[in-house]
Amino acid sequence: MHTHSGRSVTRCRGFAAAVAAASAIIASPVFAGGPLPAPVVSWTGAYAGVHGGWGWGKSEFRDPLNSPANNPFFAYYNGPLAGGQLGYNWQQGNYVIGAEIDGSWSFVKGNTSTSPIVTSSTNNGVGYTALATATGRVGYASGQWLAYAKGGAAYARMELSSRFTPEVTNYDRDLFGAVGGVGLEVAFLRNVSAKVEYNAIFLPTETLRWVSPDTTSEIKHFVQVVKAGINIRFNGDDGPLR
């Protein structure tokens with residue numbers, strides 16, 4: 001019993017000494033008024049990566065032939081996407097600015113509608129086959145963590161198919177708009193980081209001429225995307241994360 005108690009006391013003293021030493025190492029530069037430790041990782045440099053995620057949104061249709069109760073009506077859609085990104089960051093102290101382009105193969109599609117005419121069926125569908133953005137980024141880095149906001153231009157390849165009558169209206173168009181978003185990135189290996197990001201994509205109002213009946217609708221589109229990805233930086237970092 002005495003031997004077991006002695007070992008316990010020794011272990012407790014060793015643990016307490018380790019905690020005290022670690023606390024002194026961490027706290028000493030702060031409380032002594034000295035410089036803070038150097039950043040664990042530099043975010044400066046070019047990077048490339050891949051991402052996957054989920055998108056959802058709605059399109060608003062206004063048409064002079066619609067009844068007031070169904071003007072406007074909405075089409076809803078959602079689905080997965082995957083793609084890649086390229087970018088460059090400049091870090092000054094804790095602040096990071098950068099530029100990025102990304103592109104995604106998109107399966108954000110749906111056939112849910114609030115209109116009794118354009119029914120929720122396989123005969124009617126709205127969706128995106130491609131999404132891309134070109135943005136500037138502004139962020140704040142704390143060691144291996146980077147929180148950022150982004151904004152810039154967006155591109156979407158829009159497809160719509162609807163059957164009012166036996167004639168099918170097919171609509172394919174390239175749309176250009178704006179995007180804004182926020183994200184959080186963490187460097188967990190040398191020059192390798194993981195991120196999660198939210199984007200809101202705003203596309204301009206446009207017109208669609210239906211085959212049958214002969215009428216023209218105004219359409220507004222709004223898409224939201226959540227992405228998770230991996231980036232590899234090519235900045236020749238000084239060493240592995242400490």
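The predicted model holds two cavities of 30 Å³ or more. A cavity is a set of points, on a 1 Å grid over the protein atoms alone, where a 1.4 Å probe fits but cannot get out. This is a predicted model, in which local features need pLDDT of at least 70, side-chain atom pairs count only at pLDDT 80 or more, and totals for chains, interfaces and linings use all residues. Residues are numbered from 1 along each chain as its sequence is written, and side-chain values use heavy atoms, without hydrogens and water.

**Second largest cavity**
- Five lining residues are nonpolar, three polar and two charged.
- At least two lining residues come from each of strand 3 (95–113), strand 4 (125–142), strand 7 (192–209) and strand 8 (216–233); strands are DSSP E runs of at least two residues, numbered from the N terminus.
- Strand 4 contributes the most, three residues.

**Nonpolar cores**
- The largest nonpolar core has 22 residues, of which Tyr128, Leu131, Tyr171 and Ile201 touch the most other members.
- Core members are buried (under 20% relative accessible area, 1.4 Å probe, protein chains only) and joined through side-chain atoms within 4.5 Å.
- A separate second core of seven residues includes Val41, Ala141, Tyr148 and Ala187.

**Tyr128 contacts**
- Beyond residues up to four places away in sequence, Tyr128 touches, among others, Tyr77, Phe107, Met158, Leu203 and His221, with contact meaning heavy atoms within 4.5 Å.

How values were computed
On a 1 Å grid over the protein atoms alone, a cavity is a set of points where a 1.4 Å probe fits but cannot get out, and a pocket is an open set with protein on both sides within 12 Å along at least five of seven lines; lining residues have an atom within 4 Å of a point. Grid points are joined across faces, edges and corners, and a volume is the space filled by probe spheres set on the points. Helices (H or I, at least four residues) and strands (E, at least two) are DSSP runs, numbered from the N terminus. Ala, Val, Leu, Ile, Met, Phe, Trp, Tyr, Cys and Pro count as nonpolar, Asp, Glu, Lys and Arg as charged, and the others, Gly among them, as polar. Buried means under 20% relative accessible area, exposed over 50%, partly exposed in between (1.4 Å probe, protein chains only).
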